[in-house]
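This report describes one protein chain from its overall make-up down to single residues. The sequence and structure come first, and the text follows.

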Amino acid sequence: MNLLSVDRLTKSFGDKILFENLSFGLNKGDKTAIIAGNGSGKTTLLNIISSKDSSDSGNVTIRQGIKIGFLEQNPILATELSVAEMIKQSGLEVHKIINEYEKLLEAPESENKQKALSDATAKMDHYDAWNFETRINQILSRFEITDTSQKISLLSGGQVKRVAMALVLINAPDVLILDEPTNHLDIEMIEWLERFLVQSNTTLLMVTHDRYFLDRVCNHIIELNDGKLYHHKGNYSYFLEKRMEREEVFQKDISKAGKLMKKELEWMRRSPKARTTKSKSRISSFYETEAKAKSGKVRDELELNVKMTRIGGKILEMKKVRMKYDDLTILDGFDYTFKKKERVGIVGKNGTGKSTFLKLVTNEIEPDSGKINIGDTIVYGYYTQSGIKLKDNQRVIDVLREIADVIILNDKTKLSASQLLQQFMFPVSMHRNMVSKLSGGEKRRLYLLTILMKNPNFLILDEPTNDLDLLTLNKLEDFLLSFAGCLIVVSHDRYFLDKLCDHLFIFEGNGKIKDYNGSYSEFRYHQKLEEKKAKEKEAALKSADNKKQKESKEKTKLSFNEKREYEQIEKDIELLEKEKEELELVLNNPDAEFEKIQTASTRLGEVMELIDTKSNRWLELSQFI
């Protein structure tokens, strides 16, 4: 029996059907991802399953006793509460179970006590309540939530997401529903979450655009495509392989149907009278063939070959740039000269100054000291995390017309605002829609289009993958691979970085920036090797120290040879101390020859080192006298 079953779910938004008669189930231990385009209703589906929304028809069945944990894409927490108060509220059920168990332990013996204690123990097991406080501290520490007295209202969007994630994981749900869990997490946190979910027995249902995350965590992909549901029992790589095979077969069938339809169309135009059963059958078959041939409509694709403004010899120079915010050092004497076709990825923990760096590059803010020289021909295209403030009551097409009515492509072709929208997967039916009707991903896609319309030759993308579906990401990557200008990308999407960037700035904090030539995966590989060596060295030192301590504890007296060594060391130290005094007299003699002073100085250093070594050994042996 499934832990959770979805049966014939249907949901509409206005006059658009998001999904219809959707059915699937989740078994224990399944790690399932839903893949579909923006505006297809993925988030709505998760909201319905977690009871945050209702469907037009169909049912969601959850097995009795199963605990659901839901992380929304943009979680809303009670702003008037502190983090500690949120944690206390979130764990109320577990605290109640722990209190009941402890009361039963203290209760006097009775006929019902053992049965009640057995039930309470089962609940403690189910909710993993034995180590609840430890689990809370571990998870809070992992998500860098250190000050639990802070009010939710004072937290940034990324901090709110991390608190919400921690609150969901703390309760150890049986089924975990995650909507874009990697948004606003830095790469180290994403990698920890990846390992946590792989090792956990928790059943998982999620929507994410993070392809490495999909590939390493999921064993089941559900694809929503043109209202149909496809199941792929495997990870993201397997899904890509099977979808490609399916589409190749589909295109062959469409081609055959198209050829057959042409022949049948000639026959139909001769106006056969549908008097015989044979004629009726052939006419019916024609309409079926026509429907199949027309079902192979050309799929919307991003064609981002916009014309780029010519780039000159001087691009961007940063000389001895320093920047601080209060006690936080962002840059400390940073030097770099950008070259043509530079492709730099920027990674680092949240709060190390990555976004501030971009603002310095674009002259949005001034550095405390140093120089930033920008070439005269440079035209920035700056895609920020926050995006532009689109007006909800503005029509989609008017957003573009405010920038330009037409855009010129590389081949000098002119595209109107309407044509450009279609290239960006906005069908004509959406052009006059209000911005308020767009999904989060569609709004970000529209924002990206407004950036590229300005013909930049230096693109700066701050977390561009958030809220974009996989199709948009693939097409954006294709464009960026052929983009002839400079590129700076701040992203937590490792796949995106690996595909586009061959050079990294690693923000380590406190103004330290590591310049690394290579991909992100190469950097992490070498970093993990260094971490492994450091751990092995630490373990070896600890083992040697433990061995030494053990030997010291086991030792109760000196051997015959050690006694002789002890006595000899006392004599040696006495002789060395005398020699030291004599050497110091030579050094303090103003009439001494230079060569004698030089020899005495060298020997004095040797004598002092010998005294230290022998004194340490004398102390080591003296504890057994």
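Lys88 counts as exposed because its relative accessibility is 58%; exposed means over 50% relative accessible area, buried under 20%, and partly exposed in between, with a 1.4 Å probe and protein chains only. Lys88 belongs to helix 2 (residues 83-90). Helices (H or I, at least four residues) and strands (E, at least two) are DSSP runs numbered from the N terminus. Between Lys88 and Leu167 there are 79 residues in sequence, and their C-alpha atoms are 9.6 Å apart in space.

The model is predicted: local features need pLDDT of at least 70, side-chain atom pairs count only at pLDDT 80 or more, and totals for chains, interfaces and linings use all residues. Residues are numbered from 1 along each chain as its sequence is written, and side-chain values use heavy atoms, with hydrogens and water left out.

**Chain as a whole**

The chain has 20 helices and 20 strands. Of its 625 residues, 44% count as buried. With contact defined as heavy atoms within 4.5 Å, 67% of the contacts between residues at least 6 apart in sequence join residues at least 24 apart.

The predictor's confidence in each residue, pLDDT, runs from 0 to 100. Its mean over the chain is 83, and 87% of the residues reach 70 or more. Over residues 297-302 pLDDT stays under 50, and the model has 17 contacts beyond four places in sequence for that stretch.

**Aromatic rings**

Rings of Phe, Tyr and Trp (its six-membered ring) pair if their centres lie within 6.5 Å; planes under 30 degrees apart are stacked, over 60 edge-to-face, and the rest tilted. The count by this rule is 19 aromatic pairs. Two of the pairs are listed here.

| Pair | Centre to centre | Angle between planes | Class |
|---|---|---|---|
| Tyr336 and Phe505 | 5.1 Å | 80 degrees | edge-to-face |
| Tyr516 and Phe523 | 5.5 Å | 65 degrees | edge-to-face |

Tyr336 in strand 11 (residues 328-338) and Phe505 in strand 19 (residues 503-509) are 169 residues apart, and the pair links distant parts of the chain. Tyr336 and Phe505 are both buried, as are Tyr516 and Phe523. One aromatic cluster includes Tyr336, Phe505, Phe357 and Tyr380.

A charge sits over a ring if NZ of Lys or CZ of Arg is within 6 Å of the ring centre and within 35 degrees of the ring normal. Arg216 lies over the face of Tyr212, 4.6 Å from the ring centre, and Arg445 over the face of Phe426, at 4.8 Å.

Helix 11 (residues 354-361) is largely enclosed by the rest of the structure, because 6 of its 8 residues are buried. Phe357 is one of the buried residues of helix 11. After helix 11 comes Asn363, with a positive phi near 65 degrees.

Helix 19 (residues 560-588) has 29 residues and reaches 43 Å from first to last C-alpha, close to the 42 Å expected at 1.5 Å a residue. That expected span is 1.5 Å times one less than the number of residues. Among the buried residues of helix 19 are Tyr566, Ile569, Ile573 and Leu576. An α-helix has 3.6 residues a turn, so residues three or four places apart point the same way.

Thr413 lies in the loop between strand 15 (406-408) and strand 16 (414-416). Thr413 counts as partly exposed because its relative accessibility is 35%. Neighbours within four places in sequence aside, Thr413 is in contact with Ile407 and Ile408.
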